[in-house]
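Welcome, and thanks for taking a look at this one with me. Have the sequence and the coordinates open as you read, and let's go through the model piece by piece.

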Amino acid sequence: MKNKKIPLFKVFTDKKKALSIVSQVLDSGFLNEGIYVNKLSQKIKNFLNIRNIVLMNSCTSALTIAMKLSGLKPGKNIVTTPVTCIASNTPIKNLGGKLKWADVDTETGMLSQETIKKVIDKNTVAVLIVNWSGIVPDLKKIYEFCTKKKVKLIIDGAHSFSAKLNKKDISYYSDFTCLSFQAIKHFTCGDGGALICKNNNDHNKAEKLKWFGFDRKQAKDEKGNWIQQQRNIDIESNLIGYKFNMNNISAAIGLSNIGHIRKILKKHIENANTYKKQFTKSKHIKFIKEVKNSSSVYWYYTIILSSKKLRNDLEKYLLKKNIDCGQVHIPNDVYSCFKSSEINLPGVRFFSEHQLSLPCGWWISKKEIENIAKTIIGFTKSFK
Ligand SMILES: Cc1ncc(COP(=O)(O)O)c(C=O)c1O
């Protein structure tokens with residue numbers, strides 16, 4: 001008999017609570033942005049210990065606004081990584097900008113100050129760094145470098161909700177941090193995202209850009225719901241914006257989950273530590289190098305195998321054993337829409353051919369993680 005399948009991703013829901021809050025939203029008659037979005041915004045600010053946040057309908061939307069606020073337009077570029085979801089890089093093209101690939105460090109799968117330095121040029125407005133699998137790269141060093149070069153640092157934190165460096169939320173080390181609350185993330189609203197801006201002026205602009213470029217703060221009823229008619233709207237200082245705001249239904253799902261987030265994150269971290277303990281002596285397996293004083297959140301757990309053949313064979317073996325695993329994202333530089341002949345990316349090729357991402361989430365027990373690790377170690381030992 002085959003073992004029960006262990007998925008790489010799973011959606012967390014508290015159905016009873018979600019139904020109760022969604023039902024309140026439906027009864028209120030305010031389905032779009034309103035008090036439930038405000039409540040969730042406050043709870044996330046408290047949880048992350050940050051000053052401001054703009055909730056949106058996705059991380060992709062947050063990235064788009066972050067890039068626009070960084071000054072991306074035709075003729076300008078963003079230094080970015082191919083080791084990510086297409087969502088990270090699509091907004092660059094949609095805003096008419098240019099992608100400037102930088103290579104990744106083979107020990108982390110992420111950009112480093114050294115790889116960024118090689119490609120940054122006079123038309124670069126921002127660097128986009130992706131925290132692969134929820135691991136924190138050397139953000140302090142990279143942020144200091146970007147600040148010196150007068151370019152913005154945007155963190156794509158879709159995998160890294162509440163990750164920390166030096167006990168501070170990652171957003172402390174960036175101009176813009178974008179979060180994803182899409183279905184399978186640590187914290188979900190069904191779909192949703194957020195933008196955290198370093199600077200108040202950017203935050204105020206982001207508030208407007210997420211709703212057609214207008215500030216709707218003045219156009220609310222006494223409870224904080226947006227009124228239907230567009231009264232009191234400041235027509236003097238509007239921008240050209242988007243329809244990217246979060247709505248009360250998504251916020252209700254988020255509110256039903258937020259009370260569980262501490263234990264969800266704790267389990268991901270404990271499971272990652274169990275893998276580390278098991279793999280520590282293996283000569284075939286390396287794990288991603290982590291920065292001192294960082295707290296990563298391991299959405300999944302990535303290992304780097306000693307050869308491409310071992311990675312490919314191990315992946316097939318685990319899938320046969322009903323243990324879901326894979327590369328998670330195809331390196332973006334191979335997609336025809338992103339292709340560029342400008343640069344060789346040996347680090348990207350190495351990482352994408354040697355990495356295997358394993359399930360690590362709240363739905364897996366310590367015993368199951370130990371069994372997965374034993375299965376992997378057994379396979380690598382017999383590998384010729
Ligand atoms: C690295 C990364 N960035 C951005 C996104 C897009 O997030 P969203 O679906 O919230 O737009 C994802 C989605 O998984 C992702 O993995």
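## A buried tyrosine in a loop

Let's begin with Tyr298: it counts as buried because it has 27 C-beta neighbours inside 10 Å. Here a residue is buried if 20 or more other C-beta atoms lie within 10 Å of its own, exposed if 12 or fewer, and partly exposed in between, with C-beta atoms placed from the backbone. Tyr298 sits in the loop between β11 (294-295) and β12 (301-305). Although not a glycine, Tyr298 has a positive phi of about 45 degrees. For context, most residues other than glycine have a negative phi.

Before going further, please keep in mind that this is a predicted model, in which local features need pLDDT of at least 70 and side-chain atom pairs count only at pLDDT 80 or more, while totals for chains, interfaces and linings use all residues. Residues are numbered from 1 along each chain as its sequence is written. Helices (H or I, at least four residues) and strands (E, at least two) are DSSP runs, numbered from the N terminus.

## An exposed asparagine

Is Asn322, another residue to look at, buried or exposed? With 12 C-beta neighbours inside 10 Å, Asn322 counts as exposed. Asn322 is found in the loop between α10 (308-320) and α11 (346-354), and its phi is positive, about 70 degrees, although it is not a glycine.

## Two domains and their contact

The domain assignment, which is automatic or from a database, gives domain 1 (15-258) and domain 2 (262-381). Taken over C-alpha atoms, the centres of domain 1 and domain 2 are 26 Å apart. Their contact takes 33 residues from domain 1 and 34 residues from domain 2, where two residues are in contact if their C-beta atoms, placed from the backbone, lie within 7 Å.

On the side of domain 1 that touches domain 2, α4 (86-94), β3 (98-101) and β6 (164-165) each supply at least two residues. The most comes from α4, with three residues. By class, this side of domain 1 has 15 nonpolar, twelve polar and six charged residues. In this scheme Ala, Val, Leu, Ile, Met, Phe, Trp, Tyr, Cys and Pro count as nonpolar, Asp, Glu, Lys and Arg as charged, and the others, Gly among them, as polar.

## α3 against α4

The axes of α3 (residues 59-69) and α4 come within 9 Å and cross at roughly 45 degrees, which makes α3 oblique to α4. Axes are lines fitted to C-alpha atoms, for helices over the stretch in contact, and angles run from 0 to 180 degrees between N-to-C directions. Angles under 35 degrees count as roughly parallel, over 145 as roughly antiparallel, 65 to 115 as roughly perpendicular and the rest as oblique. Residues of α3 in the contact include Cys59, Leu63 and Met67, and those of α4 include Ala87, Pro91 and Ile92. The contact has six nonpolar, five polar and no charged residues.

How many of the eleven residues of α3 are buried? Eleven of the eleven are, so α3 is largely enclosed by the rest of the structure. Among these buried residues is Lys68. Just after α3, Gly71 takes a positive phi of about 95 degrees.

## α9 against α12

Helix α9 (residues 261-279) and helix α12 (residues 366-381) have axes that come within 9 Å and cross at roughly 35 degrees. Asn271, Thr274, Tyr275, Gln278 and Phe279 in α9 meet Lys366, Ile369, Glu370, Ala373 and Ile377 in α12. These contact residues divide into five nonpolar, three polar and two charged.
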